[in-house]
Amino acid sequence: MEKILLRNIDVPEFHRLATYESAGGYRSWRRVVETMKPAELIEEVKASGLRGRGGAGFPTGMKWSFVPKDSPKPKYLVCNADESEPGTFKDRLLLERDPHAVLEGTLIAAYAIQSHTAFIYIRGELAFAATRLENAVAETYQAGLIGKNIFGSGYDLDVIVHRGAGAYICGEETALLSSLEGSRGWPKLKPPFPATHGLFGCPTVVNNVETLAALPWILQRGASAYAALGTEKSKGTKLFSVSGHIAKPGVYELEMGYPFKKFLEEDCGGVPNGKKLKGVIPGGASMPVLRPEEIEKVNLDYESVQAAGSLLGSGGVIVMDETTCMVQAAWNLARFFAHESCGQCSPCREGCHWMEKIFHRIEHGEGETADLDLILNISSNIMGNTICPFGDAAAMPAAAFIKKFRDEFEAHIAEKRCTVRRELE
Amino acid sequence: MALEFSPETLRRFAETVARYPKKEAAILPVLYLAQQEFGHLGPETIEYVARLMEQSPAQVQGVVSFYTMFNTKPIGRHHIQVCRTLSCALGGAEQISAFIKRKLGIDIGQTTADGRFTLSEVECLASCGTAPMMQINDDYYENLDEAKTEKILDALK
């Protein structure tokens, strides 16, 4: 398969403008500004079938089209580079090794909604990537690719790299906007959606790094070339971050619809040390874990993973072999969500901590039989009862671990110790 | 004498604020400037930033306490942050943490007596494919084992 997002990832010095331009970089940007009307650009991206790669999979062109064209307010484009979903490290790779592709995509998206100020909100911990991005922005200003009257078109665009300060929730788009407005990163109720009431109450589009990085290729090769890849509803390629008990961890680019089992066994070299697969999270820590038999016929596209009872999410694949204690894994993630809940909605603020405590006591041999149903009850009371999707993201994996590995949880409770470790000893 | 930015930092402050459509949007970069200049964000620094930003100290404190990267207390020269989330845990993060605790003689959240190291455990740092890993100040250290961790710490003065 021809790579789109990772095609230049191993080229030395590719983070520099000169190298990026020598490989055809910013030609799409020039063509867009010089020859395309925003409406044409939106139609082209709609036709490509590109969907948001941050996790939700919403069609990108459609998201842009919700921005009111006649609004007297300024419009903002925000690149969401706040990659924080456990198991996901694809955006960091793009930001560090191909920052100009992310930037070119950001410019194209800004033009589509006729924004004159674009922000790249980058996770605070990613200092190296932020420096690369800041240098990339400085280089494009110097080369006249951004700023005032770009290519003599009369179109102005400024880009600001904004560093976050450590808060998982700021990856959620309305929380990100609150943070960018200078407040605590608290999510906001939708509707109204950011497309009409976003940053400072102005029309705003927030797109993920990987989504934006695909745009230069799509504009260069045409929507139909992109749409020719993938499945009927999941077009193009997608990045998968693979970690955990796997022979060859890393970031892979796959055509949408690639068989999951084949990917793990052949491309990633399978579970190492002759161990058996016990479970796999397909789309980042927020998504329900799957048992080995559940991935037999699954393909890596939005629809197929959903039909198997999980979600493709960010494409963060976490592999767990037979030595993994699922109680400990569930507790680990429950602790993550308890730590990261922003504290705004009661079901999530209280529920995440309750679930963490209960998983903790089961793991430490102090659980009771009723605890499992108690967690399921808390989980279902969080689901759908919070302002943002974080509540669901915390509730879904907790319930999935119990439902799919209930015997292991029950054995932990009955024997008051870790049964997986006992068998290993 | 009241706490104040150096002339150079004041210049950077003005430049930073000017880039944003609204002054309050610059709070994170301004807090970073303050943390860089004063080492941590104590009550006096928060009051100073509040005055500069034309906000109440409570507003600024609310922002500071929301994020993990702002230190409200002094920390060591090298802030070790070991990732503890699932992929790193599967890769042996707990052993790395335990090794550092033993080596430095401190617990999570503590600073060595000489002010050289502070040890924290943190959530996922987007480096799961090279687990286990830690961040020290701005730098990532990946694919850790005890020997490699020891070498890294020994090299930091």
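**View 1. Chain B as a whole.** Buried residues make up 37% of the 157 residues in chain B, and this figure, like the others in these legends, is computed from a predicted model. The C-alpha atoms of chain B occupy a box of roughly 50 × 35 × 25 Å when the box is laid along the principal axes. Among the contacts in chain B with a separation of 6 or more, 57% come from residues 24 or more positions apart.

**View 2. The order of helices and strands in chain B.** Chain B contains 7 helices and 4 strands, and, followed along the sequence, these elements give the pattern α-α-α-α-β-α-α-β-β-β-α.

**View 3. The two domains of chain B.** The domain assignment of chain B gives domain 1, covering residues 7–66, and domain 2, covering residues 78–154. The centres of domain 1 of chain B and domain 2 of chain B, taken over C-alpha atoms, are separated by 29 Å.

**View 4. Helix α6 of chain B and its buried side.** Helix α6 of chain B runs over residues 93–104 and has 12 residues; from its first C-alpha to its last, α6(B) reaches 17 Å, which is close to the 16 Å expected at 1.5 Å a residue. The buried residues of α6(B) are B:Ala93, B:Ile96, B:Ser97 and B:Ile100. These residues lie on the same side of α6(B), because they cover an arc of only 100° around the axis. As a general point, an α-helix has 3.6 residues a turn, so residues three or four places apart point the same way.

**View 5. The surroundings of helix α6 of chain B.** The buried residues of α6(B) pack against several elements of chain B, namely the strands β1 (78–83), β2 (117–122) and β3 (134–136), together with the helices α5 (86–90) and α7 (146–154). Just after α6(B), the residue B:Gly105 takes a positive phi of about 70°.

**View 6. The contact between chain A and chain B.** On one side, chain A brings 43 residues to the contact, while chain B brings 31 residues. The side of chain A that touches chain B draws at least two residues from each of β3 (158–163), β5 (237–244), β6 (250–255), β10 (316–321) and α14 (326–340) of chain A. Of the elements of chain A, α14(A) gives the most to this side, with 6 residues. Sorted by class, the side of chain A that touches chain B has 19 nonpolar, 17 polar and 7 charged residues.

Key. Residues are numbered from 1 along each chain as its sequence is written. Chains are lettered from A and ligands numbered from 1 in the order in which they are written. This is a predicted model: local features need pLDDT of at least 70, side-chain atom pairs count only at pLDDT 80 or more; totals for chains, interfaces and linings use all residues. Two residues are in contact if their C-beta atoms, placed from the backbone, lie within 7 Å. Ala, Val, Leu, Ile, Met, Phe, Trp, Tyr, Cys and Pro count as nonpolar, Asp, Glu, Lys and Arg as charged, and the others, Gly among them, as polar. Domain bounds come from an automatic or database domain assignment. The expected span of a helix is 1.5 Å times one less than its number of residues. A residue is buried if 20 or more other C-beta atoms lie within 10 Å of its own, exposed if 12 or fewer, and partly exposed in between; C-beta atoms are placed from the backbone. The arc is that of the directions from the helix axis to the C-beta atoms.
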